[in-house]
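The structure is shown first, and the description follows.

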Amino acid sequence: MSEAAAPVFPYRLIATDLDGTLLRSDESVSQRTRDALAAATAAGAAHIVVTGRGVPWTRHILDDLGYEGLAVCGQGAQVYDVGAHRLLTSVTLDRQLAAVALAKIEAEVGPLYLAASRDGLEGEVLVGPGYSVTGRLPSTPFTDASDLWSAPLNKIYIQHPELSDDELAEAAHQAAGGFVTVAMAGAGIVELLPLGLSKATGLSLAARRLGLKAADTIAFGDMPNDIPMFAWSAKSVAMANAHPDLKAVADELTTSNEEDGIAVVLERLLG
């Protein structure tokens, strides 16, 4: 009897967001999802994590997965070689432009609560008064606004005491979209990024290093910051828990991150 043929996977690159997508609410990755990713990579696909988190907020998850490849962090600002523990690319925010952008936004909506992600493998996340950090991620409090600008940054996070995330993101874009990119990455997470930067920027750079293209890629996500990645990829899959704006542009809808939505699709594609 001949051996069964190895499964064939139709994409050479799998791009997955982390929060709300690959990760469950407790920040774990289910065994079913791990097995599905392992089967897809055994069938010849590469897996790239594409996250809004900077490297310091991502590394522990990659280590837990036994991940050795490339990761795109910081909304596309950082391409990180996990196995070598080395940043291959890092894009920083022009701090003068960012200060102008903040002033323009606050002129429209009033005072903001602020945080900022510093550049580098060990870059701290600085958190100002009133800003609420999601989960238990490590951060460093600041009270003197000058601390915010004292070292290179990848991004600034903004929150507002009254506006919803959607309202704040729209107001920020209208007020300062000519100076920074505004991204909404999750509950309470509205970010100011270098102008033109997106997850698609970092993913395209990482794919090129692997000799892969947009036509080779299937992408999974849950928030509006995944829209550029979806536009770049050949196939896009939104989680059931995804923001309506992302669902509207996705090729397919899967089950939620709590219900192994990535595994559901990969298992089907693997046959």
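## Packing of helix 2 and helix 9

Helix 2 (residues 31-42) packs against helix 9 (residues 261-270) at an angle of about 35 degrees, and their axes are 9 Å apart. Axes here are lines fitted to C-alpha atoms, for helices over the stretch in contact, with angles running from 0 to 180 degrees between N-to-C directions. Helices (H or I, at least four residues) and strands (E, at least two) are DSSP runs numbered from the N terminus. The crossing of helix 2 past helix 9 is left-handed; a crossing has that hand if the near helix is turned anticlockwise from the far one by less than a right angle, and is right-handed if clockwise. Helix 2 makes the contact through Arg32, Thr33, Ala36, Leu37, Ala39 and Ala40, and helix 9 through Ile262, Ala263, Val264, Leu266, Glu267 and Leu270. Contact means heavy atoms within 4.5 Å. The contact residues of helix 2 with helix 9 comprise nine nonpolar, one polar and two charged, where Ala, Val, Leu, Ile, Met, Phe, Trp, Tyr, Cys and Pro count as nonpolar, Asp, Glu, Lys and Arg as charged, and the others, Gly among them, as polar.

The model is predicted: local features need pLDDT of at least 70 and side-chain atom pairs count only at pLDDT 80 or more, while totals for chains, interfaces and linings use all residues. Residues are numbered from 1 along each chain as its sequence is written, and side-chain values use heavy atoms, with hydrogens and water left out.

## Packing of helix 4 and helix 5

The axes of helix 4 (residues 95-109) and helix 5 (residues 165-176) come within 9 Å and cross at roughly 120 degrees. Helix 4 and helix 5 are therefore oblique to each other, given that angles under 35 degrees count as roughly parallel, over 145 as roughly antiparallel, 65 to 115 as roughly perpendicular and the rest as oblique. Helix 4 passes helix 5 in a right-handed crossing. On helix 4 the contact is made by Ala101, Lys104, Ile105, Glu108 and Val109, and on helix 5 by Ala171, Ala172, Ala175 and Ala176. The residues in this contact of helix 4 with helix 5 are seven nonpolar, no polar and two charged.

## Salt bridges

Side chains of opposite charge can pair when their charged atoms come close. A salt bridge is a side-chain nitrogen of Lys or Arg within 4 Å of a carboxyl oxygen of Asp or Glu, and by this rule the count comes to eleven. One of them joins the side chains of Arg53 and Asp19 (2.6 Å, N to O). Arg53 lies in the loop between strand 2 (46-50) and helix 3 (55-65) and Asp19 in helix 1 (residues 18-22), so this pair ties together parts that are 34 residues apart in sequence. Arg53 is buried at 5% relative accessibility, whereas Asp19 is partly exposed at 33%; buried means under 20% relative accessible area, exposed over 50% and partly exposed in between (1.4 Å probe, protein chains only).

Asp226 and Lys199 also meet in a salt bridge (2.7 Å, N to O). Asp226 is in the loop between strand 12 (217-221) and helix 7 (227-232) and Lys199 in helix 6 (residues 199-209), so the pair ties together parts that are 27 residues apart in sequence. Asp226 is buried, with 0% relative accessibility, and Lys199 is buried, with a relative accessible area of 1%. Asp17, Lys199 and Asp226 are linked in a network of salt bridges. In the salt bridge of Glu124 with Arg118, the closest N and O atoms are 3.1 Å apart; Glu124 is partly exposed at 33% relative accessibility, and Arg118 is buried at 17%.

Most residues other than glycine have a negative phi, and most peptide bonds are trans. Gln75 has a positive phi near 60 degrees. Gln75 lies in the loop between strand 3 (70-73) and strand 4 (78-81) and is buried at 1% relative accessibility. His85 has a positive phi near 50 degrees. His85 is placed in the loop between strand 4 and strand 5 (86-90) and is partly exposed, with a relative accessible area of 46%.

Ser236 lies in strand 13 and is buried at 1% relative accessibility. Not counting residues up to four places away in sequence, Ser236 touches Ala219, Phe230, Val249, Ala250, Asp251 and Glu252.
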